[in-house]
Protein chains: 2
Amino acid sequence: MKTMLDTIISRRSVRKWKPDPVSEEDIRDILEAAMNAPSAVNEQPWQFVVLTGPVLEEFTKINSNTPKGAPVGILVCGDKKADKLGGFYVHDCCAATQNILLAVHAKGLGGVWTAIFPNAIPELRRLLNLPDHVYPLAFVPFGHPVAKQGKPTSRYDETKVHRNSW
Amino acid sequence: MKTMLDTIISRRSVRKWKPDPVSEEDIRDILEAAMNAPSAVNEQPWQFVVLTGPVLEEFTKINSNTPKGAPVGILVCGDKKADKLGGFYVHDCCAATQNILLAVHAKGLGGVWTAIFPNAIPELRRLLNLPDHVYPLAFVPFGHPVAKQGKPTSRYDETKVHRNSW
């Protein structure tokens with residue numbers, strides 16, 4: 001257990017990367033982690049767009065809260081055609097995104113969960129040719145971190161734990 | 001890396017448990033994993049209610065899609081007072097929920113992500129005395145699984161991967 005908990009606790013957002021590319025094998029493993037998230041009634045309502053090079057650069061101009069300079073990133077999209085329970089696809093895709101971050105970190109790479117802001121979506125749809133039923137939810141740029149991470153402090157906070165009642 | 005990816009891929013929903021309790025140390029570790037999820041602008045907009053005994057039993061009657069019989073469960077709630085970006089607390093809480101599932105699995109326990117259906121919320125609020133700004137989002141009952149899990153097949157699906165464009 002310690003290894004897993006350590007991996008979860010030592011993961012922190014990384015926003016600066018070396019230009020070195022990420023291997024195709026690593027990208028595949030990270031996507032595999034994403035697709036093994038749980039989902040409501042096992043609907044697996046996700047689609048992934050892997051962005052590199054000029055398209056990634058263009059993406060970070062449109063969704064401007066995404067830091068620039070990563071060699072690669074994964075856009076996690078909800079597939080509304082696969083949504084069976086009226087919106088729980090958002091939960092499922094967030095579970096998949098968290099698996100991406102953990103797999104990235106476990107490989108010694110670094111990444112950050114960036115939100116897709118609604119006002120950026122029409123332009124992103126045009127850039128990536130996304131069909132209407134595919135909704136971009138989160139973007140994780142990742143790569144080899146510039147700085148070696150220190151050991152972060154755990155965010156455990158006892159005041160947020162309630163027992164059988166508020 | 002293999003260990004982490006294996007943990008992610010071998011995790012599956014567990015819905016039947018032995019009556020044996022889960023140790024307080026395990027519950028704390030699992031809550032620590034939850035609280036080390038990422039969150040938008042590090043807002044950490046989560047609160048957790050640990051349910052056991054008669055309250056847990058009552059909970060599963062109200063939120064009837066939650067399987068009965070777990071010795072313990074964690075209700076993940078969004079704290080709207082901590083939400084700074086207009087609704088991204090849902091994403092943050094889902095990342096925390098996925099960490100709970102992974103930590104449960106890594107400990108050899110088993111759990112399942114169950115949705116909180118909107119029509120159950122008023123009664124759940126009364127049962128748990130939840131304030132208005134606290135929104136119940138997901139519930140994970142967990143414990144010692146009755147059955148030993150086989151090795152599941154990975155859900156990796158190449159058709160869901162797109163490169164730089166749909």
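Chain A is superposed on chain B by a rotation of 180° with 0.0 Å of shift along its axis, at an RMSD of 0.0 Å (least squares on the C-alpha atoms of residues with pLDDT of at least 70 in both copies). That is the relation of a two-fold axis. The model is predicted, so local features need pLDDT of at least 70 and side-chain atom pairs count only at pLDDT 80 or more, while totals for chains, interfaces and linings use all residues. Residues are numbered from 1 along each chain as its sequence is written, and chains are lettered from A and ligands numbered from 1 in the order in which they are written. The mean pLDDT (the predictor's confidence in each residue, from 0 to 100) of chain A is 95, and 99% of its residues reach 70 or more. For the complex, the predictor gives an ipTM of 0.96 and a pTM of 0.96.

Now to the meeting of the two chains. In all, 58 residues of chain A are in contact with 58 residues of chain B, contact being C-beta atoms, placed from the backbone, within 7 Å. On the side of chain A that touches chain B, the largest share, 11 residues, comes from helix H4(A) (helices are DSSP runs of H or I with at least four residues, strands are runs of E with at least two, and both are numbered from the N terminus). Because 100% of the interface residues of chain A are also interface residues in chain B, the copies meet through the same surface.

Strands join in as well. S1(A) pairs with S6(B), residues 161-163, in the parallel sense over 3 bridges, where pairing requires at least two DSSP bridges. Here Val49(A) stands opposite His162(B).

Terms used
Two residues are in contact if their C-beta atoms, placed from the backbone, lie within 7 Å.
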